[in-house]
Amino acid sequence: CSGEAITSSLDSFSQAPSSTTTATVVCDTSVGTLTIDVKGHWAPLGAQRFLAMVDGGWFENLYMPRVVRGYLTQFGPRLQTQSTKNHVHFHGMLDDPSLAKWFGKNQNISRGTMFFAGSGHNSRGTDMCIAFCELNHCVSLGTEPWETPFAVIREVDRLKEIDQRICTPICKGHPCAAGEGPPDEKKNCDMPPFGIGPGPGTIHKGEEFIKSNYPKMQKFHKCEVSWRNEEHEHHQDKQ
């Protein structure tokens with residue numbers, strides 16, 4: 001799918017939709033199949049953008065560069081191919097309403113929940129996250145206006161294969177040797193400036209760089225919608 005086609009579909013999400021979409025998306029990944037239940041009544045805009053990305057082929061060969069152990073993975077930027085070099089980020093999607101009054105302060109984000117990343121009000125683009133933490137350990141997630149969850153992954157046990165250290169940790173100021181540790185907690189494998197690990201910008205260095213330097217980095221091979229239902233009625237119940 002060309003970058004131009006994806007741009008056309010993603011840039012349309014600047015107004016609240018008149019309908020909500022529930023769907024099932026099946027993703028082939030490097031850790032096996034992930035089945036994603038998209039909940040449009042939670043986040044109508046977020047759900048529709050995610051489905052537009054799936055329909056546009058955004059998840060083909062998409063790496064997961066940021067891993068915060070026991071907390072989340074973040075992904076979104078694609079490899080710089082001819083069709084994507086001018087279409088790396090898309091911003092400006094409105095925030096979805098918070099679910100806090102139904103689910104509490106962190107909007108029920110827990111292991112397997114998906115939500116978009118952002119940097120302020122109405123800043124969501126294509127970067128998104130999957131939570132690794134259990135509900136009582138995810139208290140800081142879901143508190144920002146752009147973090148309304150839009151989907152849940154069924155195979156949560158498979159996420160442990162993504163939740164791995166994918167950089168070389170630092171011990172006493174130097175890369176840790178095998179069996180040496182514990183690593184310096186201030187130089188962990190989160191993305192800069194929080195750690196020394198890869199981040200979204202790493203993707204732009206190309207696939208050979210990723211394979212050589214971060215062989216444990218997981219990725220999506222492709223995602224497809226297996227079932228979709230669009231409803232035009234207003235939902236009172238967010239469950």
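In this predicted model, the side chain of Glu207 makes a polar contact with the side chain of Tyr63, at 2.8 Å. Glu207 belongs to helix H4, which covers residues 207-213. Is Glu207 buried, exposed or partly exposed? Its relative accessible area is 22%, so Glu207 counts as partly exposed, because buried means under 20%. Setting aside residues up to four places away in sequence, Glu207 touches Asn61, Tyr63, Leu79 and Lys219. Of these, Leu79 is 128 residues from Glu207 in sequence, yet their C-alpha atoms are 7.2 Å apart in space.

The largest nonpolar core has 42 residues, and Phe50, Phe59 and Met114 have the most contacts inside it. Several elements each supply at least two residues of this core, among them strand E1 (20-29), helix H2 (44-55) and strand E11 (219-231). H2 gives the largest share, six residues. Leaving aside neighbours within four places in sequence, Met114 is in contact with residues including Ile36, Phe50, Phe75 and Ile153. A second, separate core of ten residues includes Leu72, Ala117, Cys129 and Leu141.

Finally, here is the protein as a whole. Its secondary structure comes to four helices and eleven strands. The table gathers some overall values.

| Property | Value |
|---|---|
| Buried residues, out of 239 residues | 50% |
| Contacts with a separation of 6 or more that join residues 24 or more positions apart | 72% |

Methods:
Residues numbered from 1 in each chain as written. Predicted model: local features only at pLDDT ≥ 70, side-chain atom pairs only at ≥ 80, totals over all residues. Heavy atoms only, no water. Core = buried A, V, L, I, M, F, W, Y, C linked by side-chain atoms within 4.5 Å. Buried < 20%, exposed > 50% of the residue type's maximum accessible area, 1.4 Å probe, protein only. Contact = heavy atoms within 4.5 Å. Polar contact = N/O pair within 3.5 Å; in protein donor to acceptor, adjacent residues only side chain to side chain.
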